[in-house]
Amino acid sequence: MTFKADHLQQAKTRKELLGLANKNENSISKTLNKLKYEAELTMLQSEFVNLQKWIVQRKMRVAIVFEGRDAAGKGGSIKRFKEHLNPRSSRVVALTKPTEVEKGQWYFRRYIKVMPNPGEIVFFDRSWYNRAVVEPVMGFCSKEQYNKFIVQVPEFEHLLYEDNLKIMKFWFSISKEEQQKRFEARLNNPLKRWKFSPVDKKGQELWDDYTHYKEQMFSKTHTNFSPWIIVKTNDKKQARLESMRYVLSQFDYEGKGESGISLLPDPNIIMRYHRSVVQIDI
């Protein structure tokens with residue numbers, strides 16, 4: 001979209017500017033959508049500031065888990081969630097592969113050590129669910145280790161629930177075609193090339209294996225006290241806004257809704273897992 005100097009001088013109001021754009025066949029839909037997204041994001045982030053204060057005052061412990069296939073938008077969403085929060089009471093956990101010592105310990109121990117303290121929100125950029133999907137698909141764990149994990153997860157999360165730790169689990173769902181586009185975009189952008197790894201390439205080749213283990217994970221770890229929330233992420237911006245709305249909708253914090261934005265998540269974008277839910281990463 002381009003405007004000449006005389007166009008800008010003629011337009012005195014927003015309506016006149018839109019009229020000039022239409023007359024000169026300038027498409028402004030993308031610009032308007034971007035402005036709308038940024039305005040909504042700002043309001044949702046201001047709501048999160050209020051939520052964080054409330055959590056700190058009540059000494060609550062909140063863990064938000066972001067899972068999904070590679071390039072589904074987990075990191076970008078976490079960045080927007082945390083962008084304006086107080087770093088003293090919020091942090092991101094993105095653990096690397098376990099050390100030799102950790103491999104000999106109970107699998108969940110390394111995650112217990114990084115759980116939120118009283119008054120803290122922790123965002124997990126991948127989590128203990130590595131063992132549910134990535135590890136069995138890539139051969140990083142044995143069948144015995146996988147089976148033991150799947151049995152223990154609901155018990156582990158129930159213990160956390162009984163100890164008043166609030167867990168929210170997101171699965172960011174992306175189509176195979178969109179994932180491929182994002183991989184190509186990463187390779188073509190020198191600032192994002194570091195995000196691409198051989199494991200990412202394998203993800204496309206082993207798509208069906210990922211799907212199998214993902215469905216197994218849902219059927220065995222989706223519980224009333226720790227449900228899976230599916231987020232359609234082919235539109236990254238939409239996914240960020242709706243996942244933020246979902247988290248905010250789960251708390252009755254002081255100052256809720258002061259920004260004036262709707263805190264009701266779109267059920268066409270974000271929904272509680274159910275076998276009948278249509279997913280885009282099958």
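1. Let's begin with Glu120, which sits in strand E3, residues 120–125. Helices and strands here are DSSP runs numbered from the N terminus, with at least four residues (H or I) for a helix and at least two (E) for a strand. This is a predicted model, so residues are numbered from 1 along each chain as its sequence is written, local features need pLDDT of at least 70, side-chain atom pairs count only at pLDDT 80 or more, and totals for chains, interfaces and linings use all residues. Side-chain values use heavy atoms, with hydrogens and water left out.

2. Is Glu120 buried or exposed? Glu120 counts as buried because its relative accessibility is 8%; the cut-offs are under 20% relative accessible area for buried, over 50% for exposed and partly exposed in between, using a 1.4 Å probe and protein chains only. Setting aside residues up to four places away in sequence, Glu120 touches Ile55, Met60, Arg61, Val62, Ser89, Ser90, Arg91 and Met115, where contact means heavy atoms within 4.5 Å.

3. Now the largest nonpolar core, with 34 residues, where Phe124, Trp128, Tyr129, Phe149 and Met217 touch the most other members. Such a core is a set of buried Ala, Val, Leu, Ile, Met, Phe, Trp, Tyr and Cys residues joined through side-chain atoms within 4.5 Å. At least two residues come from each of E1 (61–68), E3, H7 (134–138), H8 (143–162), E4 (165–173), H11 (207–221) and E5 (228–232). H8 gives the largest share, 6 residues. Apart from this core lies another, of 33 residues, including Ile55, Ile229, Val247 and Ile261.

4. How do H8 and H11 pack? Their axes are 10 Å apart, at an angle of about 40 degrees; axes are lines fitted to C-alpha atoms, for helices over the stretch in contact, and angles run from 0 to 180 degrees between N-to-C directions. H8 and H11 are therefore oblique to each other, since angles under 35 degrees count as roughly parallel, over 145 as roughly antiparallel, 65 to 115 as roughly perpendicular and the rest as oblique. Tyr146, Ile150, Val153, Pro154 and Glu157 of H8 meet Tyr213, Gln216, Lys220 and Thr221 of H11.

5. Thr221 deserves a look of its own. This residue of helix H11 is buried, with a relative accessible area of 1%. The Thr221 side chain reaches the backbone oxygen of Met217 at 2.5 Å. Beyond its neighbours within four places in sequence, Thr221 is in contact with Tyr129, Ile150, Val153, Glu157, Lys169, Ser226 and Trp228.

6. Stepping back, the protein has 12 helices and 6 strands, and 47% of its 282 residues are buried. The C-alpha trace spans about 70 × 45 × 35 Å along its principal axes. Of the contacts between residues at least 6 apart in sequence, 77% join residues at least 24 apart.

How values were computed
Polar contact = N/O pair within 3.5 Å; in protein donor to acceptor, adjacent residues only side chain to side chain.
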